[in-house]
Amino acid sequence: MNTEKDFSPLTPNIVRALNDKLYEKRKVAALEIEKLVREFVAQNNSTQIRHVIQILASEFALSQHPHSRKGGLIGLAACSIALGKDSGLYLKELIEPVLTCFNDSDSRLRYYACEALYNIVKVARGAVLPHFNLLFDGLSKLAADPDPNVKSGSELLDRLLKDIVTESNTFDLVAFVPLLRERIYSNNQYARQFIISWIHVLESVPDINLLDYLPEILDGLFQILGDNSKEIRKTCEVVLGEFLKEIKKAPSSVKFAEMANILVIHCQVADEAKLTNDLIQLTAMTWMREFIQLAGRVVLPYSSGILTAVLPCLSYDDRKKNTKEVASACNNSLMKLVTPEDDEENEEEISGSGSPSIGEGQAKMEGDSNDMLNASQESVGFSNISFFTPANADRPQVTLDLDGIVQVLGRYLHDSTTGMMTRIAVLKWLYHLYIKTPRKMFRHTDSLFPILLKTLSDESDEVILKDLEVLAEIASSPAGQTEQPFSCDSADNKLVLKVPEGPKTGQQPSTGTKAVDSSPSTPSMNSYFYKFMINLLKRFSLERKLLENRGAFIIRQLCLLLHAENIFHSMADILLKEDDLKFASTMVQTLNTILLTSAELFQLRNQLKDLHTQESCALFCCLYRSWCHNPVATVSLCFLTQNYKHAYDLIQKFGNLEVTVDFLMEVDKLVQLIESPIFTYLRLQLLDVENNPYLIKALYGLLMLLPQSQAFQLLSHRLKCVPNPELMRTVDESKYIDSKQPATCRRASHSQVDYSELLQHFDLVQSKHLEVRHQRSGRTSDHHDRKLV
């Protein structure tokens, strides 16, 4: 520095001492400057005061020489001390050169700058608040300083500034929040500690309402919550906890909608390997639970995003038990927000600009899952996490984002990696939506239907049960009713599907006859029922393991959910047109076993046992025509319906059939069934030999078919117990003569069943089966001959 340059009013001795390398000499110079400035204050000579500050700033503090910079810093501090309460008039000139020195490469100089600013702020107190952003920006840099002395000095200054802000009621929060929002994304541990400590302080000041600006810093707070430092995480937890308490106290003033997407982002784990992400997820999920409970239907436009985050958590194991429980609470609370009023059409949807068509929904469902999400990726560090924007954010009326919800549910159900509990929750959601918003849901049914059918192959029985509940609701909901009511036609009769008994869960009984056609509270079969039956049988045909392992279970549950007569009548009608005769035979055998053994079919068995009504006869004929695909099943159906003569006529025809091992095994099973409680009435009828001769003949026919196996011995012993008809005669011969006519003949006169036509149908079906077997054996023989050649 040029010592001969005019620095007046600073004396040459002061200038020389300020440039000295020794701290003590610089300190003496500072005392002289303080004395000089005090004189100017006494004289009210602001011009000279500004001139001294300008010289100290430009010629010393901003000098290229390090000792000069140190002298300038201590000189500026001395000026501030001399000015006292008047320092507020010159704060801009005093602070800016000091803050510039915060960026100096010399750690000692940064320390002196920190010391100088501390003295300036200590004197000025509240007057520094207009310059708070500059001070905060500089301090945030020093907080991450590698030198411990500098860091220690900055902490002293930081505490002083916090005290000033806490005492003041003129803090400009509006001007500060943009800087806070920018600095909160720092990855430096010390900078994060600095930021979170300031938020904690500001949040505790009664006159500062930081809650209004929470949407702008909430994402950054969750970022800090993932810091590796336990101390920082703990402080951040406390801060978030305090904010949540404030939200609960005054929910009406909280901007829930602006923070919903932020929570959706952080409810999703980007890296499960990081333990800190578990804390972020649990905290975000806890906030989400409170938001749903406090905000209510305000969060409905964000429901698809919330479900995206919540549903996977339901499949967590005990290692994340807390997160799983909170997610479950979120899921249940959100589901309760959906009400029948969400099924009402608003003007925009009526005009055609609301929901996508079914075809569009299906195309989206089968596309890339990323295309399904209305996602944003502005958050730092979460570029692979998706979140949703509300479908109708600008509308005054809250609208359920049904299209988005269905896409999310369909995606999770379609994904084979989705956990069991998540799949169950998805199916519960679909069932709930079909109950509460049936009209809107049926727009998506064509896209959901294949996924629901595929889910029947799930490994979990509980998933299958829930899936069947959804399918049953689709098949019986009046919202799916077409103009033409569904009917199942056979050759000589027409089935009108029956309504399942009792109202469904969540539905109210109908209050008038008009409601039968229009009210969603009236359960009935619709066009999807027959489509469901066709596709279910098709799935059984393509997946034989599904039929073997779960077929009986699925059909029994459907008989509980829907009317058993509807299930059997429709399946029989479809199987009648089945081209794959082997599958038809297997399916009939399965249905017959269910019919004869399942407790769920008790009412249907009683209906078939006595063919006194036209409806029961029509049902018998419909079943019989399909049961003809399996001869033994046909005989068992005749036993069930007490058509013993017809059973005997059928067994007579068995001599013309190809008797295979499988055939004999079916006869063996039938013998076992005859000994079961289902056929107790049949065994008791053996006591009435005179009136049931064809029953005995039919049983003897089965006995003659069997080889001398265990089943042969069982049936033989039973027939040996048949009493002598002479011993069973009663004293009243007239009654005996009147009752001598077989029961089958009496029942037939009422039933008006053409048994000869049924026998012809049996012959026709069996000839088709024989033709198929011959073709198959011919192909096998040709293949064998080619191998020999």
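The buried residues of helix H15 are Ser-303, Ser-304, Gly-305, Ile-306, Leu-307, Thr-308, Ala-309 and Val-310. That is eight of the eight residues of H15, which spans 303-310. Buried here means under 20% relative accessible area, exposed means over 50%, and partly exposed lies in between, with a 1.4 Å probe and protein chains only. Helices are DSSP runs of H or I of at least four residues, strands are runs of E of at least two, and both are numbered from the N terminus.

A word on the basis of these values. This is a predicted model, in which local features need pLDDT of at least 70 and side-chain atom pairs count only at pLDDT 80 or more, while totals for chains, interfaces and linings use all residues. Residues are numbered from 1 along each chain as its sequence is written, and side-chain values use heavy atoms, with hydrogens and water left out.

Turning to the whole chain, there are 40 helices and two strands. Of its 789 residues, 53% count as buried.

Beyond its neighbours within four places in sequence, Tyr-434 has contacts (heavy atoms within 4.5 Å) with Met-441, Phe-442, Thr-445, Leu-448, Val-470, Glu-473 and Ile-474. Val-470 lies 36 residues from Tyr-434 along the chain, and their C-alpha atoms are separated by 7.9 Å.

Now the cysteines. The structure holds zero disulfides, a disulfide being a pair of cysteine sulfur atoms within 2.5 Å. For Cys-330, the nearest cysteine sulfur is that of Cys-267, 6.6 Å away. Cys-330 counts as buried because its relative accessibility is 1%. For Cys-628, the nearest cysteine sulfur belongs to Cys-638, at 8.5 Å. Cys-628 is likewise buried, at 0% relative accessibility.

Finally, the largest pocket has a volume of about 650 Å³. On a 1 Å grid over the protein atoms alone, a pocket is an open set of points with protein on both sides within 12 Å along at least five of seven lines, and lining residues have an atom within 4 Å of a point. The volume is the space filled by probe spheres set on the points. Which residues lie nearest the centre of this pocket? Of the 23 lining residues, they are Ser-585, Thr-660, Asp-662, Glu-666 and Arg-773. Helices H29, H32, H34 and H40 each give two or more residues to the lining, and H40 supplies the largest share, six residues.

Notes:
1 Å grid on protein atoms, 1.4 Å probe; cavity = no way out; pocket = protein on both sides within 12 Å on 5 of 7 lines; lining within 4 Å.
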